[in-house]
Amino acid sequence: MRTLLLLRHAKSDWTDDDEQRDIDRPLNARGRRDAPRMAQVLMDRCPAPDLVVCSNAARTRETLELIRAAAPLAAPVREEPRIYEAPAERLFEIARGFPDEARVVLQVGHNPGMERLIKVLTGTATNVPTATLARIELNIKRWSDLAPGSGTLAHVWRPKELDDE
């Protein structure tokens, strides 16, 4: 068994939309508030990741920094530029290349690729707003065995729903 944890970056700041490149967009106040809340979910409800793979976009790196400040992760972090603006097919291929010694991988990325990857892996369509964490249990021995439909969507945590639990 393998576990893939997918974390969409927290809410980004669009105030300088005309002058800022998308890849450089930082988090806004809500994003800076939600990321540590999701760190608590990660610590309390998920197995500890053995590896963290993060997009090179500013908002994903900032999300991860806030997560790590609130929930110190021992796992090494690998920045992966191919995650930025990636369709589900590319995210799928990136996951197939994860090292087998990493049984649990946290991937920090973007939509719409993330929602589509969940659908490909689990057959379940789900909404993934900013700062959402999804846990996918995979019935595979090696990451290279990853195939469409090889996973089960175990849970999805959305920041707005945490207050309801």
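1. In this predicted model, the buried residues of helix α1 are G31, D34, A35, M38, A39, V41 and L42. Because they cover an arc of only 165 degrees around the axis, they fall on the same side of α1, while A29 and D44, on the other side of the helix, are exposed.

2. The helix itself comprises residues 29-45, that is 17 residues, and spans 25 Å from its first C-alpha to its last, which is close to the 24 Å expected at 1.5 Å a residue. At the start of α1, the backbone nitrogen of R30 has a side-chain oxygen of N28 within 3.1 Å.

3. As for what the buried residues of α1 pack against, the partners are both strands and helices: β1 (2-8), β4 (104-109), β5 (133-138) and β6 (151-157), together with α2 (58-70) and α5 (159-162).

4. Helix α3 (residues 88-96) can be read in a similar manner. Its buried residues are A88, L91, F92, I94 and A95, and these lie on the same side of α3 because the arc they cover around the axis is only 160 degrees. The cover over them includes β3 (77-79), β4 and α4 (113-122).

5. Strand β4 deserves a point of its own, since six of its six residues are buried. V104, L106 and V108 point one way from the strand, whereas V105, Q107 and G109 point the other way, and all are buried.

6. Which strands pair with β4? On one hand β1 runs parallel to β4 and is joined to it by six bridges; on the other, strand β2 (residues 51-54) pairs with β4, also in the parallel sense, over four bridges. V108 in β4 figures in both pairings, standing opposite L7 and opposite C54.

7. The largest nonpolar core has 26 residues, and those with the most contacts inside it are L4, L6, F98, V105 and L117. At least two residues of this core come from each of β1, β2, α3, α4 and β5, and α3 gives the most, with five residues. In soluble globular proteins, nonpolar side chains tend to be buried together.

Note on methods
Residues are numbered from 1 along each chain as its sequence is written. This is a predicted model: local features need pLDDT of at least 70, side-chain atom pairs count only at pLDDT 80 or more; totals for chains, interfaces and linings use all residues. Side-chain values use heavy atoms; hydrogens and water are left out. The expected span of a helix is 1.5 Å times one less than its number of residues. Buried means under 20% relative accessible area, exposed over 50%, partly exposed in between (1.4 Å probe, protein chains only). The arc is that of the directions from the helix axis to the C-beta atoms. Contact means heavy atoms within 4.5 Å. A polar contact is a pair of N or O atoms within 3.5 Å; within protein, one must be able to donate a hydrogen and the other to accept it, and residues adjacent in sequence count only if both atoms are side-chain atoms. Two strands pair if DSSP finds at least two bridges between them. A nonpolar core is a set of buried Ala, Val, Leu, Ile, Met, Phe, Trp, Tyr and Cys residues joined through side-chain atoms within 4.5 Å.
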